[in-house]
Amino acid sequence: MPALAIDYPDEVRAAVEGIEAFLRREVFPRHDKHGALLDDPHRRVTSAGVFIPEVRKIVDEVRLAAAEAGFYAMCAPKSIGGGGMGCLAYFAAHERIHHLCGAKAWLGHHVISHWAKGPSPVIEKLTAEAKSRFLAKIMSGEQTLCFGLSEPGAGSDAAAIKTRASPEGEGWRLDGAKIWTTNAPYADFIIVFAVTGPERAAARRGGISTFLVPAKAEGVKLDRIIRMWGSAGGDEAAIHFDHVRLEPYMLVGELGAGFATALQGVDLGRIYNSARSVGMGRWALEMAFAYAKAREAFGHPISEYQGVTFPLADSAMQVHAAHLMSLNAARLKDMGHPAVKELSMAKAYAVQAGALALDRAIQAHGAMGMTNELGLTEAYTTLRKVNVADGSNEILRRTIVRRMLGGDLDL
Ligand SMILES: Cc1cc2nc3c(=O)[nH]c(=O)nc-3n(C[C@H](O)[C@H](O)[C@H](O)COP(=O)(O)OP(=O)(O)OC[C@H]3O[C@@H](n4cnc5c(N)ncnc54)[C@H](O)[C@@H]3O)c2cc1C
């Protein structure tokens, strides 16, 4: 019996089934073939912390094949050549991928464009000239992006950024620094948020603009790759901008309206992170129940001990609730509602539920749960980090409270 009474529309169901077939055809066989390399977090990266060329080639192959098959950009707006399938499909696809792949078959995570790395509604706002120069390769997956909002002095309080785009000639010059930028070690373009109107920015009334900056532009420097908890290499980096020339065509969206663009990107990030939390939570619980039935202690399967199974039941309730909350938030977005409160609740809750399910699955596996072999610890560290990224748990609660104090009391 299906656990969800809510059914996906036919086109979403077909896309998710297509992705599942794609994983079987293009992803799992690559993990079987290159397992020794892909499974070893130390072998797969250089001493500088980036993927070795062989691994990078495999990741690129999967992304390009996914674009060719029509999955990579299926949720990007139709106006830029995407499938226009929206937020529910975005959630459903990522949830299924993470449910089936967990942390082990991680190539699968590259099948749908990550909200900051590939085609998204933010790309819709590129100028006609930027589109004519770059859009084709962004849509085909040949080139990727990263999202430079956070700075050493501005994280949760993103409106406090100091990176400055000052008028110069017909365009601007860019100076400043970004940090924690995911995909920066590999990206061809950086979506940079910078102050263009200092007085408005200081008053928190706009004054921040968005630019598409080629990663190889003169004056752009990748300061360092950041190795996060649980990673031998780094997907995040710190970037420096020193007198980078910005041409008018590099502006993304309207001058001074960058904060709205940032929130649009972050919203999609919240759906993505809810999806992977639910997906990996389900993956972990399925492993834990299978192990509990197979593993014996004191002459009985450990599944007979409620000390083992009740925490799993708690997590089953939480992951199920997170699933329903996320589906609801994604649907509301597709219906045109801002769903600020609902999406904040879904992301905050799903990430905590997912991380706790991982923690409990690790415990149910005993020492085996602590090994790199199962990937449970890797998945746990991933979700634990997401408790800070794309709106920390505290900032999401702050948003929920602000909405409710403002009269949005519907639950
Ligand atoms: C894995 C990962 C990937 C990331 N990728 C990107 C990326 O691609 N691009 C990008 O721009 N950024 C990225 N970030 C940065 C992320 O957006 C910031 O880490 C996040 O906004 C929090 O900012 P901070 O780390 O500076 O913490 P701070 O803002 O310094 O907060 C520190 C602590 O104080 C809490 N806090 C702050 N203000 C309040 C408040 N008003 N009420 C209650 N608690 C508060 C926070 O919740 C947090 O616990 C990434 C972060 C991580 C962990």
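This is a predicted model: local features need pLDDT of at least 70, side-chain atom pairs count only at pLDDT 80 or more; totals for chains, interfaces and linings use all residues.
Author: Helices (H or I, at least four residues) and strands (E, at least two) are DSSP runs, numbered from the N terminus. Residue numbers start from 1 along each chain, as its sequence is written.

Reader: How many residues does α3 have, and what span is expected of it?

Author: The expected span of a helix is 1.5 Å times one less than its number of residues. Helix α3 (residues 53-68) has 16 residues. From first C-alpha to last it reaches 22 Å, close to the 22 Å expected.

Reader: Which residues of α3 are buried?

Author: Count C-beta atoms, placed from the backbone: a residue is buried if 20 or more others lie within 10 Å of its own, exposed if 12 or fewer, and partly exposed in between. In α3, the buried residues are I58, V62, R63, A66 and A67. They pack against α1 (10-33). For such contacts, the C-beta atoms of two residues, placed from the backbone, lie within 7 Å.

Reader: What about helix α4?

Author: Helix α4 (residues 86-101) has 16 residues, which should span 22 Å, and its end C-alpha atoms are 22 Å apart. It is mostly covered, with 13 of its 16 residues buried. Just after α4, G102 takes a positive phi of about 55°.

Reader: Is D314 buried, exposed or partly exposed, and why?

Author: D314 counts as partly exposed because it has 14 C-beta neighbours inside 10 Å. Its place is in helix α8 (residues 306-334). D314 and D334 are 20 residues apart in sequence, and 31 Å apart in space, C-alpha to C-alpha.

Reader: Where does R227 lie, and what does R227 touch?

Author: R227 lies in the loop between β6 (220-226) and β7 (236-246). Leaving out residues up to four places away in sequence, R227 touches G49, G233 and G234. R227 and G49 are 178 residues apart in sequence, yet 7.3 Å apart in space, C-alpha to C-alpha.

Reader: Which residues touch the most other members of the largest nonpolar core?

Author: A nonpolar core is a set of buried Ala, Val, Leu, Ile, Met, Phe, Trp, Tyr and Cys residues joined through C-beta atoms within 7 Å. The largest one here has 111 residues, and L174, F211, A284, L358 and A361 touch the most other members. Helix α7 (residues 258-294) gives the most to this core, with 14 residues. Of the 37 residues of α7, 27 are buried.

Reader: Which domains does the chain have?

Author: Domain bounds come from an automatic or database domain assignment. Here the assignment gives domain 1 (10-114), domain 2 (128-258) and domain 3 (260-405). The C-alpha centres of domain 1 and domain 2 lie 25 Å apart. Their contact takes 15 residues from domain 1 and 12 residues from domain 2.

Reader: Which residues come nearest the ligand?

Author: A residue is near a molecule or strand if its C-beta atom, placed from the backbone, lies within 6 Å of it. There are 20 residues around the ligand, and L149, G155, S156, S392 and E394 come nearest. Domain 2 and domain 3 each give at least three residues to this shell.

Reader: How many residues of the shell are nonpolar, polar and charged?

Author: Ala, Val, Leu, Ile, Met, Phe, Trp, Tyr, Cys and Pro count as nonpolar, Asp, Glu, Lys and Arg as charged, and the others, Gly among them, as polar. The shell around the ligand divides into 9 nonpolar, 7 polar and 4 charged residues.
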